[in-house]
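Here are a few notes to read with the model open. Have a look at it, then go through the points in order.

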Amino acid sequence: MGMLDPVLLRSFVAVDREGGFTAAAARLGLRQSTVSGHVARLEKAVGRELLRRDTRNVEVTADGAAMLGFARTILDTTQQAEQYFAESDLSGLLRFGVSDDLVAAGFPEILLEFRRSHPRIDLELTVGLSEILGAKVAAGELDLAFGMRRPGERHGELVWRDRLVWAGPREGAIAPSGAGPVPLVTYPPPSITRRAAMEALEGAGLVWRTTCVTDSLLGLRAAVLGGLGYIVHAESLLPDGLVPLAPHVLPDPGDADFVVMRRPRPATGPEAALTVLLVANESRLRRG
């Protein structure tokens with residue numbers, strides 16, 4: 001075992017939580033001497049004193065406080081991994097929603113891996129706008145959703161934060177300010193990127209006209225490549241053939257968070273397994 005053996009870390013965390021070796025041993029179902037031995041081996045492995053002991057008290061040192069943070073992270077991650085790989089026999093219905101922006105890139109491969117790992121889970125997939133998916137989760141119509149929120153909003157578990165950009169075809173340029181309304185290609189309301197685009201233009205005093213409204217990412221891409229206008233989109237998920245406009249050509253639309261949204265209750269086994277997989281594969285879900 002390495003110096004950060006989870007067995008040793010578990011005893012160390014228990015001593016801190018229970019306030020002593022005797023209580024920690026009782027909680028873990030071990031002898032006091034065993035717990036004491038675990039902590040001593042951990043201290044020897046890292047070469048630092050982690051606990052100060054006297055006849056009545058146990059006090060965590062500065063190095064011990066640092067180790068507690070590492071230990072809790074390691075133990076939590078270990079537990080998630082054990083649950084994920086132990087739950088190949090998970091079963092039941094999982095109603096999962098994902099925003100249209102995310103279904104390209106690496107999402108299909110990750111979804112296929114989940115299906116192969118958990119063949120007894122009956123997965124129902126809904127693709128749509130993030131705010132609609134969030135409302136469906138809140139109403140109990142979906143169990144889990146993966147989509148977007150604006151910075152400052154609190155719902156969902158953050159997976160990554162992305163920069164929103166104005167994007168157009170590889171060839172072509174936006175009309176200079178004052179030369180006419182900005183042509184806007186957009187999802188329908190209540191799209192988050194639509195709202196970000198309009199708020200940015202309005203804040204800069206620019207006029208725009210909507211040249212295409214579609215609830216399909218393929219439709220957005222076709223309209224932009226066809227020269228109808230420009231979109232606001234997450235930079236790391238830009239469709240093929242589209243590129244960000246040069247900075248300052250149009251006002252900054254800000255950022256967006258990609259989050260996993262769950263119903264307000266303890267996660268079921270299928271929900272927890274899919275959440276772990278999505279969070280662990282964040283880099284594969286993004287294009288850049």
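1. Helices (H or I, at least four residues) and strands (E, at least two) are DSSP runs, numbered from the N terminus. Bear in mind that this is a predicted model, where local features need pLDDT of at least 70, side-chain atom pairs count only at pLDDT 80 or more, and totals for chains, interfaces and linings use all residues. Residues are numbered from 1 along each chain as its sequence is written, and side-chain values use heavy atoms, with hydrogens and water left out.

2. Start with helix α1 (residues 6–18) and helix α2 (residues 21–28). Their axes are 8 Å apart and the packing angle is about 120 degrees (axes are lines fitted to C-alpha atoms, for helices over the stretch in contact; angles run from 0 to 180 degrees between N-to-C directions). That makes α1 oblique to α2, given that under 35 degrees counts as roughly parallel, over 145 as roughly antiparallel, 65 to 115 as roughly perpendicular and the rest as oblique. From α1, Arg10, Ser11, Ala14, Val15, Arg17 and Glu18 meet Phe21, Ala23, Ala24, Arg27 and Leu28 of α2. By class, the residues of this contact are six nonpolar, one polar and four charged (Ala, Val, Leu, Ile, Met, Phe, Trp, Tyr, Cys and Pro are nonpolar; Asp, Glu, Lys and Arg charged; the others, Gly among them, polar).

3. Next, α2 against helix α3 (residues 32–46): about 105 degrees, axes 8 Å apart. That makes α2 roughly perpendicular to α3. On the α2 side you'll find Phe21, Thr22, Ala24, Ala25 and Leu28, and on the α3 side Gln32, Val35, Ser36 and Val39. This contact of α2 with α3 has six nonpolar and three polar residues, but no charged ones.

4. Two backbone spots to check. Proline 189 and proline 190 are joined by a cis peptide bond, with omega about 5 degrees; proline 190 sits in the loop between β7 (182–186) and α7 (192–203). Histidine 248, a residue other than glycine, has a positive phi near 75 degrees, and belongs to the loop between β10 (242–244) and β11 (255–262). For context, most residues other than glycine have a negative phi, and most peptide bonds are trans.

Notes. Contact means heavy atoms within 4.5 Å.
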